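Trainee: Could you walk me through the ligand site in this one? I'd like to go step by step.

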Amino acid sequence: MVVLSQLLLDQIVIKTCKPINNPTTFSPSIIPTIDLCNPDAKSMVVKACKEFGFFKVKNHGVPIQMMADLEDEARKFFSLPQINKESAGFPNPFGYGNKNIGRNGDIGWVEYLLLSASPDFIAQICLAIFPENPDVFRYAIVNYIGKMKKMAVQILEMIAEGLNVGREGKNVLSKMIKDEKSDSYFRLNHYPPRPDPDEGLLGFGEHTDPQIISILRSNNTAGLQISAQDGTWLSVPPDDHSFFILVGDCLQVMTNGRFKSVKHRVLADNKKSRISMIFFAGPPLCEKITPLSCIMNPGEESLYEDFTWWDYKKSAYQSRLSDDRLSRFVKRNPMP
Ligand code: GA4
């Protein structure tokens with residue numbers, strides 16, 4: 001008979017319990033929650049971006065009904081027969097995907113519709129999915145994206161002001177989203193209840209978002225977790241009336257590392273289905289992703305090599321979800 005020492009047993013228990021089954025739950029009061037109408041919102045946003053790369057916004061002015069309508073339309077889409085969902089095309093990068101995420105073997109307990117945020121593109125795809133009646137889905141998506149774009153602009157202007165860029169600098173970040181060539185994405189995710197809780201398959205594996213910021217809204221089903229700076233996974237209680245803002249890799253570079261893009265993941269529930277909708281606010285493809293000169297201290301060097309959003313995307317599509325996509329752009333030998 002093999003007798004395991006207590007030390008070995010503890011190690012096994014720790015290994016199997018960590019991290020999927022035993023995340024620390026965020027007490028709702030710990031989540032940085034920002035009322036967008038609060039006069040101190042700018043400094044609160046900057047503080048949250050530095051400490052967590054993540055925060056929740058309330059008093060955002062987006063009608064709750066508009067959020068609920070899109071959720072209903074998303075549910076209708078995901079309840080279509082498989083063949084109709086597939087008429088959106090397989091993700092390349094846009095289209096309908098099921099379990100497979102990206103091109104390099106990542107899988108999750110999720111199906112999704114990934115779209116470019118351009119209204120023309122959305123019109124085409126809605127027509128392919130609902131040839132008889134494309135407009136209900138199209139309006140729900142296009143109107144919602146319109147609000148997300150406005151919110152992204154508002155938050156990026158708050159960030160710029162909170163970083164003390166001066167009056168003229170207020171739109172240094174937001175102009176990349178207002179630009180008609182802004183490469184922004186929109187994603188609807190459906191996480192059906194996970195059949196076997198022990199299968200261990202994550203809904204969506206850990207990753208950082210590549211863009212500037214992401215705005216996420218979900219139905220009232222738990223699952224989102226963020227990684228705190230000490231590496232602990234924190235469960236984020238759902239709130240279908242609020243939005244969650246995530247700092248992306250581009251904003252990490254643009255702030256020369258003052259903000260860190262937040263690692264996050266989603267666990268699928270084993271009873272309730274989860275629907276989330278995410279707007280990824282991205283710059284134009286030709287945009288140089290460099291630290292904002294107006295926030296650099298005298299003598300401060302960029303931590304990153306020069307690259308464009310297109311350079312980043314080319315390499316991102318060769319990466320796995322959990323890879324550190326910025327590492328290949330970090331300067332190896334900064335000036336002494
Ligand atoms: C993560 C954030 C967004 O969902 C996304 C994802 C994209 C995809 O699903 O096609 C990527 C992933 C995301 C980063 C690395 C690559 C590309 C899957 C993947 C393995 C739409 C995005 O922009 O980057």
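Trainee: By class, how many nonpolar, polar and charged residues does the shell around the ligand have?

Mentor: First, a caution: this is a predicted model, where local features need pLDDT of at least 70 and side-chain atom pairs count only at 80 or more, while totals for chains, interfaces and linings use all residues. Residues are numbered from 1 along each chain as its sequence is written, and side-chain values use heavy atoms, leaving out hydrogens and water. Now, 16 residues surround the ligand (near means a heavy atom within 4 Å). Counting Ala, Val, Leu, Ile, Met, Phe, Trp, Tyr, Cys and Pro as nonpolar, Asp, Glu, Lys and Arg as charged, and the others, Gly among them, as polar, the shell has eight nonpolar, four polar and four charged residues.

Trainee: How much of the ligand's area does the protein buries-side cover, out of what it exposes taken alone?

Mentor: Start with the closest residues: Arg187, Asp209, Pro210, Gln211 and Phe280. Taken alone, the ligand exposes 460 Å² (Shrake-Rupley, 1.4 Å probe). Of that, the protein buries 96%.

Trainee: How far is the polar side-chain atom of Gln211 from an oxygen atom of the ligand?

Mentor: Arg187 puts a polar side-chain atom 2.8 Å from a ligand oxygen. Polar contacts here are N or O pairs within 3.5 Å; within protein, one atom must be able to donate a hydrogen and the other to accept it, and residues adjacent in sequence count only if both atoms are side-chain atoms. For Gln211, the distance to a ligand oxygen is 2.9 Å.
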